[in-house]
Amino acid sequence: MADLEQLYQQVIMDHARMKHGAGLLADHDGESFQVNPTCGDQVRLRVKLDRTGVPTVSDIGWEGQGCSISQASLSLMHDLTEGHTLTEVEELGELFREMMHSRGTFPDEKADRLEDASALMGVARFPARVKCALLGWMALRGALAQALVNEPEDTP
Ligand code: ZN
């Protein structure tokens, strides 16, 4: 398992540096600001929905600072969820939360659905850091909730 651990470490370090989705969207439907006081991580995240068919998360942009785990988790979440329907994003969020509370015993078939974000599985063994990994997902949920409240009135 040592090789796998190293691979996971590499994915986390890469995403903490690359920060996919970093930068706030000017045109957006919902926003959320979240802080993780135990570590000092914070993020402002904005979402843009596409409501032409099945409601889809068309864009996610965020600006944050904090530890590598919080920043990598945001970047991985961006790649995993952008372009997916609201229902799929909700399911992925639930799976990710489940993984974070699994303390490291999470079935492969579920981990596969989380793609590269499953690299954060090892964090579940460190309860103090779980909030770092969940920060972005809390922000996404908050921003989506706001976007849905702001639903346009002129839908046919
Ligand atoms: Zn943190």
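Of the 14 residues of helix α2, 12 are buried, so the helix is largely enclosed by the rest of the structure. Buried here means under 20% relative accessible area, exposed over 50%, and partly exposed in between, with a 1.4 Å probe and protein chains only. The model is predicted, so local features need pLDDT of at least 70 and side-chain atom pairs count only at pLDDT 80 or more, whereas totals for chains, interfaces and linings use all residues. Residues are numbered from 1 along each chain as its sequence is written, and side-chain values use heavy atoms, with hydrogens and water left out.

Helices (H or I, at least four residues) and strands (E, at least two) are DSSP runs, numbered from the N terminus. The buried residues of α2 are I69, S70, Q71, A72, S73, L74, S75, L76, M77, H78, L80 and T81. From its first C-alpha to its last, α2 reaches 20 Å, close to the 20 Å expected for its 14 residues at 1.5 Å a residue. The expected span is 1.5 Å times one less than the number of residues in the helix. Just after α2, G83 takes a positive phi of about 90°.

Within α2, Q71 is buried, with a relative accessible area of 3%. The side chain of Q71 makes a polar contact with the side chain of K19 at 3.2 Å. A polar contact is a pair of N or O atoms within 3.5 Å; within protein, one must be able to donate a hydrogen and the other to accept it, and residues adjacent in sequence count only if both atoms are side-chain atoms. The side chain of Q71 also reaches the backbone oxygen of Q65, at 3.4 Å. When neighbours within four places in sequence are left aside, Q71 is in contact (heavy atoms within 4.5 Å) with H15, A16, K19, Q42, W62, G64, Q65 and G66.

K19 lies in the loop between α1 and β1 (30–36). With a relative accessibility of 28%, K19 counts as partly exposed. The phi of K19 is near 50°, a positive value in a residue other than glycine. Most residues other than glycine have a negative phi. E115 likewise has a positive phi, near 45°, and is placed in the loop between α4 (108–113) and α5.

A zinc ion has as its protein donors C39 (SG), D41 (OD), D41 (OD), C67 (SG) and C132 (SG), at 2.2 to 2.7 Å. Donors are N, O and S atoms within 2.8 Å of the metal (3.2 Å for Na, K and Ca); water is not among the atoms, so sites may look incomplete. The donor residues follow the spacing C-x1-D-x25-C-x64-C in sequence. C67 is buried, with a relative accessible area of 14%, and C132 is buried at 0%. A search of the whole structure finds 0 disulfides, a disulfide being a pair of cysteine sulfur atoms within 2.5 Å.

Two of the zinc donor residues, D41 and C132, are also contacts of N36, together with K131 and L135, when neighbours within four places in sequence are left aside. N36 is found in strand β1 and counts as buried, at 2% relative accessibility. The side chains of N36 and T38 are joined by a polar contact of 2.8 Å.

A nonpolar core is a set of buried Ala, Val, Leu, Ile, Met, Phe, Trp, Tyr and Cys residues joined through side-chain atoms within 4.5 Å. The largest such core has 44 residues, of which L45, F96, M100, L114, L120 and L140 touch the most other members. Two or more residues each come from α1 (2–18), β2 (41–50), β3, α2, α3 (86–100) and α5. The largest share, 11 residues, is given by α5. In soluble globular proteins, nonpolar side chains tend to be buried together.

Apart from neighbours within four places in sequence, M100 is in contact with L120, M121, V123, A124, V130, A133 and L134. Among these contacts of M100 is A124, which lies in the loop between α4 and α5. A124 is buried, with a relative accessible area of 3%. From C-alpha to C-alpha, A124 and R97 are 9.7 Å apart in space, and they are 27 residues apart in sequence.
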